[in-house]
Amino acid sequence: MDTVRVGRRIKAFRKLKGYTQIDFAKTLNVSIGELRGVERGEKEAPSVFLDQVVATLAITKEELIGQSVSLEEVE
């Protein structure tokens, strides 16, 4: 997983949903430093963290990591 790309997408979705970094970190119950590190791509986001992000932002994990499912994969 590309940590920089995922971090940018977390930041973009966070802003789209109207969260500041401070508010989002509080909602996720993580430190602001941890959130910043993930958004900058300096830290890899643990799976549990990603699960919290998608639940809070009401998006899918596929949307977050930028993967689309093709019809061939579904069949």
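Biologist: What percentage of the 75 residues in the protein is buried?

Modeller: Keep in mind that this is a predicted model. Buried here means under 20% relative accessible area. By that cut-off, the buried part of the 75 residues comes to 31%.

Biologist: Which element gives the largest share of the largest nonpolar core?

Modeller: That core has 18 residues, and Ile10, Phe24, Phe49, Leu50, Val53 and Leu64 touch the most other members. Two or more residues each come from α1 (3–16), α2 (21–28), α3 (32–40), α4 (47–57) and α5 (61–65). The largest share, five residues, comes from α4.

Biologist: Let's zoom in on phenylalanine 24. Which residues is it in contact with, leaving aside neighbours within four places in sequence?

Modeller: Phe24 is one of the buried residues of α2, and it is also among the core members that touch the most others. Skipping the neighbours within four places, its contacts are Ile10, Arg14, Tyr19, Leu35, Val53, Thr56 and Leu57.

Biologist: Why do the buried residues of α2 sit on the same side of the helix?

Modeller: The residues in question are Phe24, Ala25 and Leu28. They lie on the same side of α2 because the arc they cover around the axis is only 100°. As a rule, an α-helix has 3.6 residues a turn, so residues three or four places apart point the same way. For α2, then, the value to remember is an arc of only 100°.

Biologist: And which exposed residues does the face of α2 turned away from its buried side carry?

Modeller: The buried residues of α2 pack against α1, α3 and α4. Turned away from that buried side is a face with two exposed residues, Ile22 and Lys26.

Biologist: What about just after α2: which residue takes a positive phi there?

Modeller: The phi in question is about 60°. It belongs to asparagine 29.

Biologist: Now glutamate 39: is it buried or exposed?

Modeller: Glutamate 39 is found in helix α3. Its relative accessible area is 6%, and the cut-off is under 20%. So glutamate 39 counts as buried.

Biologist: Which side chain does the side chain of glutamate 39 make a polar contact with?

Modeller: Leaving out residues up to four places away in sequence, glutamate 39 touches Gly7, Arg8, Ile10, Lys11, Arg14 and Gln21. The polar contact, at 2.7 Å, is with the side chain of glutamine 21.

Notes:
Residues are numbered from 1 along each chain as its sequence is written. This is a predicted model: local features need pLDDT of at least 70, side-chain atom pairs count only at pLDDT 80 or more; totals for chains, interfaces and linings use all residues. Side-chain values use heavy atoms; hydrogens and water are left out. A nonpolar core is a set of buried Ala, Val, Leu, Ile, Met, Phe, Trp, Tyr and Cys residues joined through side-chain atoms within 4.5 Å. Buried means under 20% relative accessible area, exposed over 50%, partly exposed in between (1.4 Å probe, protein chains only). Helices (H or I, at least four residues) and strands (E, at least two) are DSSP runs, numbered from the N terminus. Contact means heavy atoms within 4.5 Å. The arc is that of the directions from the helix axis to the C-beta atoms. A polar contact is a pair of N or O atoms within 3.5 Å; within protein, one must be able to donate a hydrogen and the other to accept it, and residues adjacent in sequence count only if both atoms are side-chain atoms.
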